[in-house]
Each structure stands twice: as C-alpha cells, then as structure tokens.
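Colleague: I would like to learn how to read a model like this one, feature by feature. Could you walk me through it?

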Amino acid sequence: MASTQLSDGEKTFIIHGILDNLRTDGRSCEEYRQVEVECGVVSNTSGSSRLRLLSTEVIVGIKAEMGNPRPEQPKEGRLEFFVDFSANASPEFEGRGGDDLATEMATRFDSVFGCKGVLDLKSLCIIEGQACWVLYVDIVVLECGGNLLDAMSLAVKAALANTRIPKVTVLRDSEGGEDIEVSDDPDGYVTLDTSMVPLLVTLSKVGQRHIVDATLEEESCCSAALVISVNPAGDFTGIVKKGSSSLTSDSIHDMLITAKKVGVQLHKNLDSLLGAIGQNLSGRGFLIG
C-alpha cells in the first residue's frame, strides 16, 4: 500500500484530533470525503466507471467475452479481476513495485464476488458446460490518497451496473448441433442485477478510536484495520483484518456496528445515483458531497 512519512509530532497531532472526533480535514470519525462517480467513461468496454474520492482516483472497465464455464460450475458464468497501479499513483508503484499489491487486491475481489448470491452468475450461462459470458473486470488506480479498497469496490459496483451484455440466441440444427447468435442490435442487451453486490468498508484503528475513509496520513498512524464486506441489507459477507496489532472484542464490536451503518448508507447513496443515471450509457454525479 502507498505510504507517507510523518514525524512523531505529526502522528501525535492526528491521533489526538481523532480522539476528539475531529480529523485534520475537518471530518468526524465516521464521515467520508467527497465522492464523485462517473459511468460510461471508457469506450470499447461493456461497462465502465470512474470514481474520485478526493485524492484517490480509480477507473474500472468491464469487458464481456464468451468463454468456457468452470468444470465445477457448468451452469454459471464467471468474473475475473485484474488490478493495475499507475506509476503516477505513487513512486512505490513504479516498475514492479505494485504487482504484489495488485495481486492481493484482485484476490480480495475474487473472494468477495465468490460468495453465493452476490451476482446471478447463472444468467451468464449460454450453453451448460460449453459456453458462458466471462466478465473481465480491469481496475486501474490512477491516484492513491488512501482508502483504496473502499474506492475500488464503489467503482466496481458502478461499472457492473453500467455493463451491457448482448442478447444471444442458441440455434439448433437438424443434426443436434448448437450455434450461438449474438444480437447486433444496439438496444439488444441485458443488464446485471447488482442489488446484492456488497461494498467494502475499511475501519482503521487510530489510537483509541476507529475511523472510516482514512487518508494516507491517517493510514500511517493506523495500528490495525478491519475490511468488511457489507451488502445493501447490512449483512456482512466477509471480514479481513489488516495490521500487526491486536483488537479487543469491544473494539471489533464497535467497528462492526459502524461498518453496518456506513455500508448501508453508502449503498443507498450509490443506488440512488445509479438510479438517476438509469439506462443511459453514461452519467455522473456526487455520491457524497
């Protein structure tokens, strides 16, 4: 993860401010920075989005291509995640510096979307055991200003909601063979049901309190964090702890309560924005701010 160097005095200032529920940018401990979401920003993709969380910026492009289903899931399509860090996002990402982190984050999203019921993967099946839609989800980090996982999850859900998959017809010949005919009608597409797609909410423990949407400077003061996957109903679909410090049971309980409250509100704001964009191929708006 990108980091920034702080003096002991700067860290003390940040920690003491958080203890008083006043962060250096004026936010409270449970307040997000301004979030701007734009959909349909990348041409030659099936769906895309661009998200700016003040000083964190992410682009997601999704390409739907035909492929073979997994042998253990012959009636389902699949998603494959790829993460790339722009060298401009942080000097640490130059060369191969961001490869390990990119692999870690792609694996994290594979795990999140591997949970049953997140997406209707059966709707991506074309011919059982032979053909399905494969959604290649490319996540590019353009600027890193903290809280990357949360920003990426918001951008992924927006891009999935923006994705248009061509309608297909399976034709059977007299010999029992099957051919796939893909509609070339611009209006002949189907969309994905993203109503149960979760968002990631990261709770960072700084001093004696926890915060959401940590900046790079705040992440440098963080002793431990929980990354919690929250669906629109407020249910948790996954939890991962980061950092070497331990967390008490009371701290974990309080962090889970905050994650549910913040996660449900993020879903409401994002779904409202995506609903306003509607069936348009592109659109933009402010999620928070």
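Modeller: Gladly. Let us begin with burial: a residue counts as buried when its relative accessible area is under 20%, and as exposed when that area is over 50%, with partly exposed in between. Keep in mind that this is a predicted model. Here F81 and F113 are both buried.

Colleague: How many aromatic pairs does a search of the whole structure find?

Modeller: Three. In general, two aromatic rings are described by how far apart their centres are and by the angle between their planes. For F81 and F113, the centres are 5.2 Å apart and the planes meet at 40°, so this pair is tilted. F81 sits in strand 4 (residues 78–85) and F113 in helix 2 (residues 99–113), so the pair links distant parts of the chain, 32 residues apart.

Colleague: And how should I read F82 and Y136, as stacked or edge-to-face?

Modeller: Their planes are at 25°, with ring centres 6.3 Å apart, so the pair is stacked. F82 belongs to strand 4 and Y136 to strand 6 (residues 131–143), so the pair ties together parts that are 54 residues apart in sequence. F82 is partly exposed at 38% relative accessible area, and Y136 is also partly exposed, at 22%.

Colleague: Which residues do ring pairs link into a cluster?

Modeller: F81, F109 and F113.

Colleague: Let us turn to the nonpolar core. Which of its residues touch the most other members?

Modeller: The general idea is that nonpolar side chains in soluble globular proteins tend to be buried together. In this model the largest nonpolar core has 68 residues, and F113, I139 and L160 touch the most other members. Helix 3 (residues 148–162) supplies the largest share, 10 residues. A second, separate core has eight residues, including I14, V206, I211 and A214. Coming back to I139, its contacts beyond four places in sequence include F81, F82, F109 and M152.

Colleague: How many bridges join the strands, starting with strand 11 and strand 13?

Modeller: Seven, and these two run antiparallel; L203 has L226 in strand 13 as its bridge partner. Strand 11 and strand 12 are joined by four bridges, with K205 partnered by H210. Their hairpin has two residues between the strands, and G207 there takes a positive phi near 65°. Six bridges connect strand 13 (residues 224–230) to strand 14, where A225 stands opposite K242.

Colleague: Why is strand 11 described as largely enclosed?

Modeller: Eight of its eight residues are buried, so strand 11 is largely enclosed by the rest of the structure. Both of its faces are covered, with L199, V201, L203 and K205 on one side and L200, T202, S204 and V206 on the other.

Definitions and conventions
Residues are numbered from 1 along each chain as its sequence is written. This is a predicted model: local features need pLDDT of at least 70, side-chain atom pairs count only at pLDDT 80 or more; totals for chains, interfaces and linings use all residues. Side-chain values use heavy atoms; hydrogens and water are left out. Rings of Phe, Tyr and Trp (its six-membered ring) pair if their centres lie within 6.5 Å; planes under 30 degrees apart count as stacked, over 60 as edge-to-face and the rest as tilted. Buried means under 20% relative accessible area, exposed over 50%, partly exposed in between (1.4 Å probe, protein chains only). A nonpolar core is a set of buried Ala, Val, Leu, Ile, Met, Phe, Trp, Tyr and Cys residues joined through side-chain atoms within 4.5 Å. Contact means heavy atoms within 4.5 Å. Two strands pair if DSSP finds at least two bridges between them.
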